[in-house]
Amino acid sequence: MKLYIETLGCAMNVRDSEHIIAELQKKENYTLTSEISDADLILINTCSVREKPESKLFSEIGQFAKNKKKGAKIGVCGCTASALGEQILKKSPHVDFVLGARNISKITEIIHKPKTAWVGIDYDDSTYVFANSAKSSFKALLNISIGCDKKCAYCIVPFTRGREISIPLELILKEARRLVDGGTKEILLLGQNVNNYGVRFSTPHEKIDFTGLLRRLSEIDGLERIRFTSPHPLHMNDAFLDEFASNPKICKSIHIPLQSGSNAILKAMKRGYTQEWYLNRIEYLRAKVGDVGISTDIIVGFPGESDADFEETMKVLELVKFETMYSFIYSPRPNTLSYSWGSRGAVEKEVAKERLSRLQSRHKEILREISQNELGKIHKVLIENNKSSVGETFSEGRSDTNRLIRIPAFIDMGSFVNVKIDSINGSSLFGKVV
């Protein structure tokens with residue numbers, strides 16, 4: 001039996017797909033295929049965050065139905081599955097089952113139940129031990145919590161992934177040790193709000209927070225790098241930032257979602273912090289780690305955003321100078337608070353587009369400025385790719401600060417090398433092994 005799976009969305013969805021694949025390989029003897037026409041089971045692991053996820057989903061289903069072989073099953077998983085549930089089965093006769101993001105541990109059951117939708121967001125698989133993946137890698141993803149307790153006005157995640165529950169410490173440590181024993185050198189910890197870890201467990205558990213988890217993970221011999229996404233600015237206390245700064249195994253790059261620089265908009269978004277708090281945390285962090293790489297998320301055109309509100313976002317951009325910025329025009333999502341506002345406070349599309357263009361243009365300039373300052377610096381790089389083009393062979397890898405660096409040499413993937421930056425093209429960095 002062959003499995004074809006398409007994964008949309010965030011790292012959490014990628015990890016969910018890894019779990020699904022491992023469960024089906026170990027318990028149902030499936031093997032992966034890259035050809036839809038060869039597959040006995042076709043899965044779409046969906047995302048509901050970006051614009052028009054529903055129309056994209058049904059378009060994909062239509063294409064898969066045209067190209068699948070006779071008797072092949074189609075299943076829809078993930079966040080859009082959670083949001084739409086049985087509506088997917090009603091709208092598309094080609095779909096055999098629907099499995100929500102909070103229910104993926106049931107994958108080996110639902111494939112045998114035609115025209116079924118399991119999308120309950122109160123299901124708890126925080127203590128479920130998934131099958132081990134057949135493949136090993138020097139980089140790996142590791143869940144530390146499921147769900148989200150935040151009530152951000154624009155976000156559908158609490159509706160699709162349910163209440164936040166932390167995964168027991170011993171399960172995390174056991175999985176991390178297994179990964180390291182298999183050759184993993186870098187682990188990316190996943191959770192909707194990772195630095196809220198430990199607030200709720202579904203079984204009796206010792207008291208521990210995210211800072212404590214980081215310390216315990218860093219004690220694992222052979223684990224060389226720890227990354228995590230996404231922390232919430234509200235939970236960035238001094239103890240957490242001190243551990244981030246002082247622990248040599250924690251990579252000095254951090255994602256700190258801003259969303260807006262305006263206090264009025266942050267309040268409307270129900271983010272729970274102010275511009276002043278956000279900037280204070282950046283200032284505290286940079287006083288401890290001068291070369292820290294900071295990335296962020298920004299939404300423009302949120303309902304009620306005035307020109308003055310947008311200027312506050314531009315102000316924060318100038319003060320922080322983010323190395324990476326993911327920016328989008330606000331897009332309403334059913335079942336969110338802001339969706340219930342309808343057109344109240346809506347920002348004209350052309351205004352939002354102009355604001356986004358201005359924000360992104362200035363960020364490109366800032367990134368070029370940051371890159372110029374990289375000349376002559378030496379970074380420890382984990383090699384991730386080897387490529388060849390037009391007679392040129394080169395390797396690529398990421399620095400501790402998460403900058404992608406190209407090296408004109410073939411270097412084994414998974415190796416660490418020291419690289420001196422000797423040239424820049426726009427915001428791209430190039431260097432040689434030293």
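In the predicted model, helix H9 (residues 238-246) packs against helix H11 (residues 275-288) at an angle of about 30°, with the two axes 9 Å apart; axes here are lines fitted to C-alpha atoms, for helices over the stretch in contact, and angles run from 0 to 180 degrees between N-to-C directions. H9 is therefore roughly parallel to H11, given that angles under 35 degrees count as roughly parallel, over 145 as roughly antiparallel, 65 to 115 as roughly perpendicular and the rest as oblique. Helices (H or I, at least four residues) and strands (E, at least two) are DSSP runs, numbered from the N terminus. The crossing of H9 and H11 is right-handed, a crossing being left-handed if the near helix is turned anticlockwise from the far one by less than a right angle, and right-handed if clockwise. On the H9 side, Asp238, Leu241, Asp242, Phe244 and Ala245 meet Arg281, Tyr284, Leu285 and Lys288 of H11, where contact means heavy atoms within 4.5 Å. The contact of H9 with H11 comprises 5 nonpolar, no polar and 4 charged residues; Ala, Val, Leu, Ile, Met, Phe, Trp, Tyr, Cys and Pro count as nonpolar, Asp, Glu, Lys and Arg as charged, and the others, Gly among them, as polar.

Residues are numbered from 1 along each chain as its sequence is written. Because the model is predicted, local features need pLDDT of at least 70 and side-chain atom pairs count only at pLDDT 80 or more, whereas totals for chains, interfaces and linings use all residues; side-chain values use heavy atoms, with hydrogens and water left out.

H11 also packs against H12, at an angle of about 5° and with the axes 11 Å apart, so that H11 is roughly parallel to H12. This contact is formed by Gln275, Tyr278, Leu279, Ile282 and Arg286 of H11 together with Glu312, Lys315, Val316, Leu319 and Val320 of H12, and by class it holds 6 nonpolar, 1 polar and 3 charged residues. The axes of helix H12 (residues 307-320) and helix H13 (residues 349-372), in turn, come within 11 Å and cross at roughly 10°, and H12 is therefore roughly parallel to H13. H12 passes H13 in a right-handed crossing. The residues that H12 brings to H13 are Asp307, Phe310, Glu311, Thr313, Met314, Leu317 and Glu318, and they meet Arg355, Arg358, Leu359, Arg362, His363 and Ile366; the contact of H12 with H13 divides into 5 nonpolar, 2 polar and 6 charged residues.

An open sheet of 3 strands has the order S12-S13-S14, with parallel pairing, two strands being paired if DSSP finds at least two bridges between them. The edge strands, each pairing on one side only, are strand S12 (253-255) and strand S14 (324-329), and neighbouring strands of this sheet are turned by 10° against each other on average, direction ignored. Strand S13 (residues 293-300) runs parallel to S14 and is joined to S14 by 6 bridges, with Asp297 standing opposite Tyr326 in S14. H13 packs on this sheet, touching S13 and S14, and the direction of H13 makes about 170° with that of S14.

A further open sheet, of 6 strands, has the order S2-S1-S3-S4-S5-S6, likewise with parallel pairing. Its edge strands are strand S2 (31-32) and strand S6 (116-118), each of which pairs on one side only. Strand S5 (residues 97-100) pairs with S6 in the parallel sense over 3 bridges, and Leu99 stands opposite Trp118 in S6. Helix H1 (residues 11-28) packs on the sheet, touching strand S1 (2-7), S2, strand S3 (41-46) and strand S4 (73-78), and the direction of H1 makes about 170° with that of S1.

The domain assignment of the protein gives domain 1 (2-118), domain 2 (139-373) and domain 3 (377-433), these bounds coming from an automatic or database domain assignment. The C-alpha centres of domain 1 and domain 2 lie 28 Å apart, and the contact takes 19 residues from domain 1 and 21 residues from domain 2.

Two backbone features concern loops. Most residues other than glycine have a negative phi, and most peptide bonds are trans. The peptide bond from Thr229 to Ser230, however, is cis, with omega near -5°, and Ser230 is placed in the loop between strand S11 (225-229) and H9. Lys321, a residue other than glycine, has a positive phi, near 55°, and lies in the loop between H12 and S14.
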